[in-house]
Amino acid sequence: SEHGSALQFSILVHRDDVASTKSFIKDQFESSEQQFVKIDGGNAGNLTVNIEKISINAGIDQGVNPRTLSDFVTWLESTESKVIEYGFSNSSLEEVFLRLTEGDVEEENCQDDNSEQYDVCCTGCSTSCIQCCLAGPCKCCCCPTRMLSDEDYLAGIEEQAIGRIDDGEIASFKPILSTRRQIISLLRFAFIRNWSGGRSIGGWIFHALLLAVLCLFGVFGALDVPYGDTVAAFMVIPTLLWSLCLVNFSSQIYGDRTMNQFYLMKAQGMLKRPFIFVMAFYPFIVMLIFGILAAISWYITPMFRDTVVCPVRDECVGSSYSCERTCYDWDWMPGDAPKGGKQRISFWEDSFDGTPVELYAVNNAGTFSQLFIAVLCFSLTMPGAVMTSVGIPGHKFATVLLSLSVIVASVAGAILYIVYAIDQLYSEEESNLCLWSFCNTTIANFKNDTIGDLGPEFLNCIKAEIGGLTHYCIPPVASILPQIGFFQLLAMTFTSHIKLVSHPPNYVEEKLIPTLGDAVTCNGDVCHIPVTGLIYTQNLGFMILGAVLLALIGYLMVSVVLFPEGPILSIKGRFARTWFLLKYMCGRSKIPSAEQMLDQDAATMERLEEVVREEQEVDTIITPFLKNNTHVVSGITGQEELKQSLASIDHSILPRDDLPPILTHKLRKVYPGVGGLPAKVALASLDLHVPKGQVLGLLGKNGAGKSTALKILALAHEATTGIGLVAGYDVSSEQLQVFERLGTCPQFDIVWQRLSVRNHLEFFASLKGLPMNIVKQIAFSLAQAVGLGAPSVYNRHAGALSGGMRRRLSIAISLIGAPHALLLDEPSTGLDPSTRNSIWDLVNSFATPERAIIITTHNMEEADTLSTRIAIVARGHLKMIGTQQHLKDKFGSGYRLQLNLTKSTKENQEKAMQFVRLNLHEEAELQAKQAKTLHVSLPKNLDLRRVFNSLYSNKALSEGCINQFLLSQSSLEDVFLSLGD
């Protein structure tokens with residue numbers, strides 16, 4: 001009584017009569033009484049009139065006179081008022097809570113400690129206050145907020161600069177889904193998510209470890225560069241390191257898909273083309289940048305330095321290869337350039353300055369350009385590989401399977417290398433050796449001809465002489481697989497050059513190299529092998545071809561798995577209907593039809609006229625646009641309900657703008673049985689329509705099917721049969737168009753744990769195509785509207801939010817972009833009354849004439865406050881539908897009166913009941929009594945004017961011993977309970 005309203009009226013009028021009704025209500029009260037009358041409500045048609053004080057003693061007490069109150073009730077019941085329905089109640093405990101906590105801000109408590117404190121900055125956050133807080137603990141320091149950090153302080157200043165947009169204006173911003181805008185939004189989101197803030201530490205560490213391992217390989221791998229065959233086989237290590245990036249990219253997609261974040265992005269209007277572009281461009285550019293950094297880091301290791309040839313020792317001159325190997329082993333240390341024993345070119349004979357020439361050669365690493373081309377080409381394969389991998393189901397399973405596939409593919413190059421090495425080693429016929437393709441009968445010519453006839457073939461034969469050619473024997477077509485192609489290009493990069501050394505020392509550069517011709521490329525005494533360049537180019541071509549094929553396969557995979565469109569969905573729908581029909585015909589007892597369900601429930605549930613009327617209205621709307629599916633159901637006799645549920649829509653003649661924004665026709669969902677159990681029918685046959693400007697409260701017990709219905713309309717689940725339309729588009733075959741016009745708040749929150757509230761709202765606002773110049777304003781305004789606007793909360797990671805805060809974030813996301821149809825599945829779960837009321841105000845601002853809203857809830861007050869119509873479902877069926885007042889009048893038990901007496905004696909209780917029966921209604925019944933409190937039920941035919949005059953009179957205290965009272969109509973909860981199951 002002290003903090004609540006004396007009386008509260010809930011009034012329903014037509015949307016067009018809201019303004020005039022507010023004015024008429026004011027006119028019903030005297031000027032001195034109007035200060036005690038408050039009228040709340042938006043433009044949706046639901047008004048709340050709070051009578052804050054009643055004047056019991058006229059001329060003495062301030063407030064509304066009971067006679068005026070009686071006249072107001074008379075006006076409400078008259079045709080002059082244009083009031084469709086009305087109800088009333090005394091203030092609730094919730095209203096008292098809201099009054100007492102008004103102005104409180106949800107903040108973190110200031111933590112006191114034992115150190116010195118200063119009583120400063122209790123009312124504002126000036127610069128000096130912030131400095132004080134940073135210098136040491138302050139007693140107040142902008143309390144009741146926590147001590148602000150520099151980041152929070154700057155965020156607060158920025159938000160003040162951003163400003164706030166009114167709720168009504170937020171609801172007016174229409175989405176403009178643009179490919180260019182979404183590409184920018186998705187790219188920015190990807191880089192923020194992976195490379196900024198503390199959340200990116202794991203990614204930085206992962207790539208740093210790859211670089212470190214690669215550098216170590218470059219240091220110790222220099223050991224085998226001179227002996228090309230060995231180092232070629234070990235190219236499996238960098239191939240695996242680069243390929244692990246694919247797992248990093250794809251596992252994030254698997255996580256988004258499993259945790260429904262990908263669905264959330266689609267539900268917020270994410271288009272196919274921007275997603276595919278970003279899915280291709282982001283892995284490519286990240287892979288390319290990482291590849292360039294890795295290539296530079298690798299290139300500066302000893303592995304890429306020119307080979308240092310061991311000096312000729314007296315004991316080694318003319319001796320075997322093992323002596324040279326010993327020289328190599330003893331002279332090399334990690335960090336030095338590759339050193340290797342030179343190999344004598346046995347077929348070459350010549351003299352220089354009268355001295356017989358001894359020609360030696362050793363393998364030498366290639367150029368940075370070759371390494372860069374390999375990295376670039378492998379980066380080009382990454383988009384197709386990422387898109388192709390989306391077909392693997394699950395998250396952990398998909399990540400493990402992809403990791404194993406990457407390992408196998410990376411090792412495949414080394415396996416092929418070993419296979420061809422063994423084949424070359426044990427081949428009995430020289431004609432089968434691929435090595436002969438490098439240098440065959442021309443060796444004899446080099447022995448006999450003059451030096452002037454030398455050319456590219458001469459270097460090819462030297463390469464064949466010193467070895468390191470096994471990987472060149474692998475067919476280039478194998479490079480279609482990216483890992484094998486990358487393995488081949490890297491191996492060829494390290495074996496594509498040779499270093500020539502001679503005795504006398506000047507022979508190579510002064511005489512031999514000038515005679516090789518222009519077709520040979522040499523840098524000093526290091527020359528490129530012509531044949532290796534040709535094979536390198538062939539492998540490069542096949543690798544690019546593999547990248548193109550992967551991209552095409554990936555595009556098809558994304559189109560089928562993530563973004564199924566018209567033809568795919570149509571085929572899928574036909575298959576589903578056919579499969580359902582076969583299951584029905586072959587196992588009728590396990591999959592009951594909708595009619596069978598109705599027959600089973602007939603004994604316990606009567607089909608009310610309101611439900612029949614709703615079904616007829618839906619049939620009237622949808623029937624003209626149904627296709628003739630006689631070919632589908634020609635084998636069924638009777639079962640008209642089943643035939644209608646298998647019908648489909650002719651989209652070409654749908655008047656989309658004229659249809660209700662939300663409509664279901666024979667909507668049915670059957671979950672298959674597990675372990676031999678019968679199938680579970682979640683929705684039997686739901687016919688429902690929500691016209692423009694209407695808010696439908698969908699009520700039902702747990703498992704009744706209300707969330708299933710919303711999930712089908714929100715495309716989170718697929719209907720078994722039946723039709724669902726959102727904004728005139730079919731949820732079964734026009735998903736992209738539905739997502740463009742849909743706003744949904746699912747039952748369970750879908751957020752990125754390591755992204756802030758700000759990141760979420762700004763991303764989805766830009767994804768929806770809202771004006772770029774006000775994206776930050778809209779995001780901040782929505783955060784303020786749902787109670788997440790404080791700097792410490794707005795910049796907090798979603799994973800650090802409480803359950804109620806995450807719920808508010810989900811609601812804010814669903815409201816972005818002013819959707820045509822809004823689906824809110826238990827939106828206020830876990831919210832305190834103050835926050836819940838602000839959420840209700842925000843939802844009410846979206847209840848505009850061009851929009852339809854469905855709300856599911858277990859909170860009857862929420863349904864009563866927000867809804868213009870109530871639908872109750874039970875066991876998958878629509879059980880009742882109508883306005884709140886209609887349901888209360890038809891199924892309610894009348895009025896409930898709670899009396900608080902002056903004393904708890906039996907005599908006072910009898911006096912109170914006698915007063916009630918004499919002055920209110922003779923059929924009043926005492927339901928319960930607890931000390932001074934009596935609970936009385938009153939019938940529906942109650943004269944409210946008589947009630948108000950009696951209860952607000954002095955006789956209530958003197959004759960009835962009544963100190964205080966609470967009077968209310970039957971609540972929606974009473975209706976819900978009276979309808980039973």
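Predicted model: local features only at pLDDT ≥ 70, side-chain atom pairs only at ≥ 80, totals over all residues.
Local features are reported where pLDDT is at least 70 and side-chain atom pairs only at pLDDT 80 or more, whereas totals for chains, interfaces and linings use all residues. Residues are numbered from 1 along each chain as its sequence is written, and side-chain values use heavy atoms, with hydrogens and water left out.

Helices (H or I, at least four residues) and strands (E, at least two) are DSSP runs numbered from the N terminus. An open sheet of four strands, paired in the antiparallel sense, has the order 15-14-17-18. Strand 15 and strand 18 (729-730) form its edges; each has a single partner strand, so one side of each lacks a neighbour in the sheet. Pairing requires that DSSP finds at least two bridges between two strands. Strand 14 (residues 662-671) is joined to strand 15 by seven bridges and to strand 17 (residues 721-726) by five. Ile662 has a bridge partner on each of these strands: Val690 in strand 15 and Val726 in strand 17. Although strand 15 (residues 680-690) stands at an edge of the sheet, 10 of its 11 residues are buried, so this strand is largely enclosed by the rest of the structure. Here, buried denotes under 20% relative accessible area, exposed over 50%, and partly exposed the range in between (1.4 Å probe, protein chains only).

Helix 29 (residues 775-785) is likewise mostly covered, with eight of its 11 residues buried. Among them are Val775, Ile778, Phe780 and Leu782. Gly787, which follows this helix, has a positive phi near 80°.

The structure holds 10 salt bridges, each defined as a side-chain nitrogen of Lys or Arg within 4 Å of a carboxyl oxygen of Asp or Glu. One of these joins the side chains of Asp256 and Arg193, at an N to O distance of 2.6 Å. Asp256 belongs to helix 10 (residues 236-258) and Arg193 to helix 7 (residues 179-195), so the pair ties together parts 63 residues apart in sequence. Asp256 is buried, with 7% relative accessibility, and Arg193 is also buried, at 15%. Another salt bridge links Glu762 with Arg758 (3.0 Å, N to O). Both residues lie in helix 28 (residues 757-767), four residues apart, which is about one turn of the helix, and both are buried. In a further salt bridge, the closest N and O atoms of Arg741 and Glu740 are 3.3 Å apart; Glu740 is partly exposed, at 25% relative accessibility.

A nonpolar surface patch of about 490 Å² is made by Val400, Leu404, Ile407, Val411, Ile415 and Val419. Patches comprise residues with over 30% relative accessible area and no salt bridge, like charges being joined within 9 Å and nonpolar side chains (Val, Leu, Ile, Met, Phe, Trp, Tyr) within 5 Å; areas come from the Shrake-Rupley method with a 1.4 Å probe, and for residues only the protein chains shown count as cover. Val419 lies in helix 15 (residues 396-426) and is partly exposed, with a relative accessible area of 47%.

Ser828 occupies the loop between strand 20 (821-825) and helix 32 (833-845). This serine is buried, with a relative accessible area of 7%. Beyond residues up to four places away in sequence, Ser828 touches Arg836, Trp840 and Glu862, contact meaning heavy atoms within 4.5 Å.
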